[in-house]
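I opened the notebook to record what I looked up in this structure. The entries follow the order in which I checked things.

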Amino acid sequence: MLPRFSAILLGFATCVLATSSTCSVDSINAMLAAIEGSPRVLEAHQIASNGTFGQVGDIAYPANATNLPSLCLTWVNVTSSPTSSYTFGLMLPDVWNARFLAVGNSGFSGGVNWQEMGVGARYGFATMSTDTGHNSTGQDMTWALGNPEAKKDWAGRSLHGSTVVAKNIVEGYYAGKTLERSYYSGCSTGGRQGIKSAQEYPEDFDGILAGAPAWWSTRQQLWQLKVGAINLPEDSPGFIPSAMFSAIGDEVLRQCDRSDGIADGIIMDPRKCNLRLEKLLCTPNRTGNSSSCLTKPQLHTLQ
């Protein structure tokens, strides 16, 4: 969705040419001198046309941004409280469409989404992503234990703060040229970030793409805990080991793949399939607790 969305907007954009002379730590720091939170530029690099960039140690988003246009790339750290801070990355294309685009995160991921930023930059957007204040994979929440300020950053403070600071850089970098429109795009946690922005900071973006928002986090996490507990304890008769997951998936595909009339390994509409999980039940010819079938207690867990 993002490339099509960006391409439509680009058709209405007025391109602005920038020079690389201001792509330095000192120059960008000077643009931030009066901003709250004492933002500090960590690095700034000029990337050549068709360039590639990724950040070592970004475990949430290890994939590089590729086929980049000529641009200035920088990342900035902002202090959010005495015990917390967050970092954001910003791509400033040499040929700018006078638009700003922020992209979201996924799960509990803490990292700068360089790859997704690269998509926007290729369409001429000044593009930003925040690490939400920590470094982790999407399923790791250890960073939140005993750290309420870090949770505030993840919940929305880092996206708003990063957007404010990034816009200041954009306006300074392009020598006072007008920033015409600002947009946001994200899915799952990224969708939640978009809705949070619309509710609490409506001035941040002119348009928001909030895909599959992981909303009402307190209830969602309790639901995930409940679902996870169904397959516990591991020594119970109904426990399904992970080695069985692929066999379950294969059986679901076998029964449902053709429900849309095409056998292509994709279930287009699960509602059209009358799934019979009892097909996985062990019989005298199939041994239980293996990777091929389920015992009656395991089948109950799966149902």
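**Entry 1**

Is Leu232 buried, partly exposed or exposed? I looked up its relative accessible area, which is 48%, so Leu232 is partly exposed. I note here that the model is a predicted one. The cut-off for exposed is over 50%, and buried means under 20%.

I checked the peptide bond joining Leu232 and Pro233 and found it cis, with omega at about 0°. For background, most peptide bonds are trans.

I also took a distance from this loop. Leu232 and Thr301 lie 69 residues apart along the chain, and I get 9.4 Å between their C-alpha atoms.

**Entry 1: helix α7**

Helix α7 covers residues 245-256, which makes 12 residues. From first C-alpha to last I find 16 Å, close to the 16 Å expected at 1.5 Å a residue.

Which residues of α7 are buried? I list Ala247, Ile248, Glu251 and Cys256. Looking down the axis of α7, I find these buried residues within an arc of 150°, so they line one face of the helix. The general rule behind such a pattern is that an α-helix has 3.6 residues a turn, so residues three or four places apart point the same way.

On the other side of α7 I find Asp250 and Arg254, both exposed. I also asked what covers the buried residues of α7, and the cover includes α8 (296-302).

I repeated the length check on α5, residues 189-200. Helix α5 has 12 residues and spans 16 Å from its first C-alpha to its last, close to the expected 16 Å at 1.5 Å a residue.

The buried residues of α5 are Thr189, Gly190, Gly191, Arg192, Gln193, Gly194 and Ser197. What do the buried residues of α5 pack against? I find α4 (148-173), β10 (181-187), β11 (207-211) and α6.

Ser188 is in the loop between β10 and α5. I looked up its backbone angle: phi of Ser188 is near 65°, a positive value in a residue other than glycine. The relative accessible area of Ser188 is 29%, so I log Ser188 as partly exposed.

**Entry 2: Thr132**

I noted a positive phi at Thr132 too, near 60°, again in a residue other than glycine. For reference, most residues other than glycine have a negative phi. Thr132 is placed in the loop between β9 (126-130) and α4.

Is Thr132 buried or exposed? Its relative accessibility is 1%, so Thr132 counts as buried.

I looked up Thr74 in strand β5, residues 71-81. Thr74 has a relative accessible area of 0%, so I record Thr74 as buried.

Which residues does Thr74 touch, leaving out those up to four places away in sequence? I find Ile28, Val41, Glu43, Ala44, Phe88, Gly89, Leu90 and Trp114. I also took the distance from Thr74 to Ala155: they are 81 residues apart in sequence, and their C-alpha atoms are 24 Å apart in space.

Tyr86 is in strand β6, residues 84-93. At 5% relative accessibility, I count Tyr86 as buried.

**Entry 3: whole-chain values**

I closed with totals for the protein chain. I count eight helices and 11 strands. The C-alpha atoms fill a box of roughly 75 × 45 × 35 Å along the principal axes.

How much of the chain is buried? Of its 303 residues, 45% count as buried. The accessible surface comes to about 15600 Å², and carbon and sulfur atoms hold 55% of that.

Among contacts with a separation of 6 or more, 65% are between residues 24 or more positions apart. Last, I looked up the charges: there are 22 positive and 25 negative ones, and their mean positions are 9 Å apart.

Technical notes. Residues are numbered from 1 along each chain as its sequence is written. This is a predicted model: local features need pLDDT of at least 70, side-chain atom pairs count only at pLDDT 80 or more; totals for chains, interfaces and linings use all residues. Side-chain values use heavy atoms; hydrogens and water are left out. Helices (H or I, at least four residues) and strands (E, at least two) are DSSP runs, numbered from the N terminus. Buried means under 20% relative accessible area, exposed over 50%, partly exposed in between (1.4 Å probe, protein chains only). Contact means heavy atoms within 4.5 Å. Accessible areas come from the Shrake-Rupley method with a 1.4 Å probe; for residues, only the protein chains shown count as cover. Lys and Arg count as positive and Asp and Glu as negative; His and the chain ends are not counted. The place of a charge is taken as NZ of Lys, CZ of Arg, CG of Asp or CD of Glu. The expected span of a helix is 1.5 Å times one less than its number of residues. The arc is that of the directions from the helix axis to the C-beta atoms.
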